[in-house]
Amino acid sequence: MGQSLQLFLQQLINGIELGSVYALIAVGYTMVYGVLKFINFAHGDVYMVGAFMGLFVVTGFAAASVDRQAMVIVLAMILLVTFLVSLRGHGRDPKRLAARIVGFGLILALLGPLVNALLAFGTRMMGGLTAAAQRSVLTGGLLALLVCIVWCALLGVLIERAAYKPIRSAGRLTALITAIGVSLLLENGGQAVFGANPRAYSLATLPGGQQLIGASLNLHLGSVALSVNRGQMIVLVAAIVLVAALLYIVQKTRLGKAMRAVAFDREAAALMGINTDTVIAFTFFLGSALAGAAGFLNYGLTQFSFDTLTGVMFGLKAFVAAVLGGIGNLGGAVLGGVIMGVAETFVAGSPFSSYKDAIAFVILIAILLFRPAGLLGRFTVEKV
Amino acid sequence: MVRLIRHVLICLAVALLLYGVNAVLSLERNGQPVFDPFVLRLLLLSGIFVTLAVSLTIVNGFTGQFSIGHAGFAAVGAYVGAAVTYKFPGLQNGFGLLLSCLVGGGVSALFGWLVGVPSLRLRGDYLAIVTLGFGEIIRVLLENTDKIPPLAFMGGAVGFNGIPRLTNFFWVFGLAVVAIALARNLKRSLHGLAFLAVREDEIAADAMGVNTTKVKVTAFVLAAFLAGAAGCLYAHNEQFLLPKSFNFIMSIMLVVMVVLGGLGSITGATITAIVLTALPEFLRNVNTGLIAHYYKDEYRLVAFALLLVLVMLLRPQGILGRGELTLFRRRGEEEAGTGSLPLEEREQRSTGADTLRCEGVTKRFGGLVAVDDFNIYLRPGELVGLIGPNGAGKTTAFNLLTGVYEPTSGAVLFEGAQYEGDRPYPPARRALLLAWDTLLAALGGYIVGTVVFSSITDLNIAPTQLLQVFAIGAHSGVVWAFVVASAALALATTRHRRRNLPGLKPYQCSHLGLARTFQNIRLFPDLTVLENVLVSAYGRRRTNLFSALFQTAGMAREEREARARAHALLREFGLDAEAGEQARNLPYGDQRRLEIVRALMTRPKLLLLDEPAAGMNPQEKVELMGLIRQVRDEYDLTILLIEHDMKLVMGICERIYVLDYGRIIAEGTPEEIRRNPKVIAAYLGEEFGDADGVPDGEQRKRDPQITPIRTD
């Protein structure tokens, strides 16, 4: 019995740790859903980008093995689409058209040198960061976390501005398809530039890393002795801190209040003088920041490997977690994430482990049958 | 008869054409195929995806239910169909293919039903996620077939090998033509209109007699059948199946085809299915000459992603929007005629009972009592008004009468028979239901408990013997703790829910003979005026889905009758000229009148009008008064009317009920109501200290924020 209890608690802790990563991502899904009522499918890929940024900071940009030529080609393709989109509206005016074509041609012609400069700049920047990170595991970890958060937050805002804002009035399905497009772009563009090989890195390689992360933590609860991986504990603590910070922002600050107002009724919020565009961008900022943090935490502090397609399944499960908790509800996203993580860990440890990927959905369907609006969501009868 | 012959002839002609093309495509010269096998394979793949996309159009486009797990249905059909021909070598021929498609489609349809049933309770994105989950669960199950001995031949994650190649152009495009024809027939029929109505406004469709649950499940079953058959053809085309190829990405691709083509457009889905299947494969072939030096396969997918974003940014409504590409304009729209409305033979009322009677109906929302001890009666043929200040609970009362809400207590009777309110379950049935709930929960607890137990115990079970784990679990205290806990939880939470028999749903109320209009207009905005009215004919249809899919003579006759009746009603309300116009484009007053026409089309005995004159000018209001009276006499109706315009209410109503704070405060003829001090107080407020049951100084306020509940 004692051994069973110990194993049970051990699995529970592992599950909660995994769940905290799901929760960090799920929060982003739920916030965007709350404000815009659409599923941001590219969110899981932002998480993937976070994992890559952590890799760059910790091990240096050289490890990225960037395919320069692929980068030029992908960027050229993106530019071409941007150009075509810009033709809409005032594109018919011959003068503007000429200016656009010339400008586009110029950028295209200079794209090679531009990418070179960009890469050189990136390498130097990252070189500096990596050098700083190499000093100790603490500075390295915090630096990587910060870079991931900022970079992913900006990426989230960029995606919103470039892809979602122009079609905001066109309906949710259109937004969804666009999100799928953005997601595919990040996955396949990333694969073209960075390759399909799985990557892994660990903060434990930094000075002092072995002591901080590699060692395990021994807990004694009465007669039960638990040995917990320190890296996992740090992930859990960091996730709690980040979610607490998010809750503070959403509940206590002006911008957070504006966010809740927009989620409640966008038009009314706009009429009350809230700049809804800013608020929506801020929502993406916050959600993507947490996804980026999750990407770094889940790979920098554990032994898992990742590639450019990692975000698909992880994002999907995190989204399921958000729905499970009641989409649009922050507490629900956290609860859903934890349930998802615990369930997955237990199934993975049982003889049923090959059914692991299905279990998230079985739980989801079972719960939705009894609580159609998720665990913490409120089922509202539509007004007639 | 002529119709049947024509249909058979068309079918024969199409079959012959397909057969001919197939013969040409399979020509060989010196043992070498004349046509490039690569191109041929692509052609067949495109045809399969056309069927898949069109089938998804039925769910996503027509019914507006967002399914993102369609690949799961294709997977079921593919594996089941392939298993049939694999296991029975005698069936490795054209007949066998047909049979396996039917079996695969059938099993897939069963799964469609399984997925459709939860949609009873789920809406929008929640349903989407369930379908997504279904697709993933199917994939994971297929990946584990190698661990289940009888299914081991399916190969699990390694793939299902050795499926005979039986498909050809004839079968693939035969199915595609069938799918397109069925979808087209459906879209044009009364049944299809019901599907579209569910997409446009589920609540309004429900109120007009459309069983929305049944429609949704039907859509899922139909789409799953077609997808399963297409999956079966896919299996016999590729000769090899991988669970991974039916993943989330494939489902998403299908959704992309449907949305990109224009949601609900069959031709749009067809075109995008062909383009999106063929294009990436052709891009793969770009990899030649100079380009090959720079080429990477990922560019193809990047280009695809960018194309998607580009099309959505430039044309958000999809390539064809909601329209269809047609070679011929439709004939037969002008059959409206000028005949007068056919008189209906309505059954003589045998009971002398009141048309409607409410006894002590109460509705609570949490702590708020929206309607409190509501007692009214309506005699046959009466025209009664229900008035009251804003927030008095009038619309809530309507919702209680029409099945939108269930009363907390009380009884609602229609022609003497109770259909809403307190009707306790017979004790035996209730006990049975509770036992069923508890049993299900215990079973769930057993499964969860076993998983937990087995993950913390070293069991050493072979992967093919998984079921043994459950047997071992029966000896574990952990498992039983889970069983007891979940059973207790279920018993505690469902006990109060299983008290009363469920009341009638809105569509059942409509079949009973109640029709209503809505305070906030709820037309089907993207349907035409005529179609809006025709939806209401669905509730009293005599033909089934089969006749709609195959456009039988009976269906055509019924539709002709419905059309004639709809036109006649529209003419009476002066809307016939706008019959082809989209409802969203009508002026406000016309929209209100159209709602009344739509309600009348359900052939009601009792008509509930919720502020029919709102937003009308004085001239229109006078016309409306005449119209309401005329309708009542002509169709032998009983009418209950909510209205704020006192002139109108006092002008046409024979009796009036006044509602305030959820309670009836007065009842009588217009003259009595006009003089009733309570009514005056409710509308104008009272003087301080005015004794009339209200304590001194309790000045009632009409500030909307203090009004107990907003029901409007």
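**Figure 1. Helix α2(A) passes helix α12(A) in a right-handed crossing.** A crossing is called right-handed if the near helix is turned clockwise from the far one by less than a right angle, and left-handed if anticlockwise. This is a predicted model, in which local features need pLDDT of at least 70, side-chain atom pairs count only at pLDDT 80 or more, and totals for chains, interfaces and linings use all residues. Residues are numbered from 1 along each chain as its sequence is written, while chains are lettered from A and ligands numbered from 1 in the order in which they are written. Helices (H or I, at least four residues) and strands (E, at least two) are DSSP runs, numbered from the N terminus. Helix α2 (residues 43-59) and helix α12 (residues 276-300) of chain A pack at an angle of about 55°, with their axes 7 Å apart. Axes are lines fitted to C-alpha atoms, for helices over the stretch in contact, and angles run from 0 to 180 degrees between N-to-C directions. The two helices α2(A) and α12(A) are therefore oblique to each other; angles under 35 degrees count as roughly parallel, over 145 as roughly antiparallel, 65 to 115 as roughly perpendicular and the rest as oblique. Among the residues of α2(A) that meet α12(A) are Y47(A), G50(A) and G54(A), and the residues of α12(A) include G292(A), G295(A) and F296(A). Two residues are in contact if their C-beta atoms, placed from the backbone, lie within 7 Å. The residues of this contact divide into 12 nonpolar, 8 polar and no charged, where Ala, Val, Leu, Ile, Met, Phe, Trp, Tyr, Cys and Pro count as nonpolar, Asp, Glu, Lys and Arg as charged, and the others, Gly among them, as polar.

**Figure 2. Chain B meets chain A through 51 residues of chain B and 57 residues of chain A.** On the side of chain B, at least two residues each come from α5 (124-143), α10 (248-261), α13 (297-314) and α15 (427-455). Helix α13(B) gives the largest share, 14 residues. The side of chain B that touches chain A comprises 39 nonpolar, 7 polar and 5 charged residues.

**Figure 3. An open antiparallel sheet of 4 strands in chain B has the order β4-β3-β6-β7.** Strands β4 (368-378) and β7 (417-421) of chain B stand at the edges with a single partner strand each, so one side of each is left without a neighbour in the sheet. Two strands pair if DSSP finds at least two bridges between them. On average, neighbouring strands of this sheet are turned by 25° against each other, direction ignored. Strands β3 (residues 356-365) and β6 (residues 409-414) of chain B pair in the antiparallel sense over 5 bridges, and R357(B) has L413(B) in β6(B) as its bridge partner. Helix α14 (residues 394-401) of chain B packs on the sheet and touches β3, β4, β6 and β7 of chain B; the helix direction makes about 65° with that of β4(B).

**Figure 4. A mixed open sheet of 6 strands in chain B has the order β8-β9-β10-β5-β11-β12.** The edge strands β8 (514-516) and β12 (663-668) of chain B each pair on one side only. Strands β5 (residues 383-387) and β11 (residues 655-660) of chain B pair in the parallel sense over 4 bridges; in β11(B), I656(B) is the bridge partner of G385(B). Helix α26 (residues 677-684) of chain B packs on the sheet, touching β11 and β12 of chain B.
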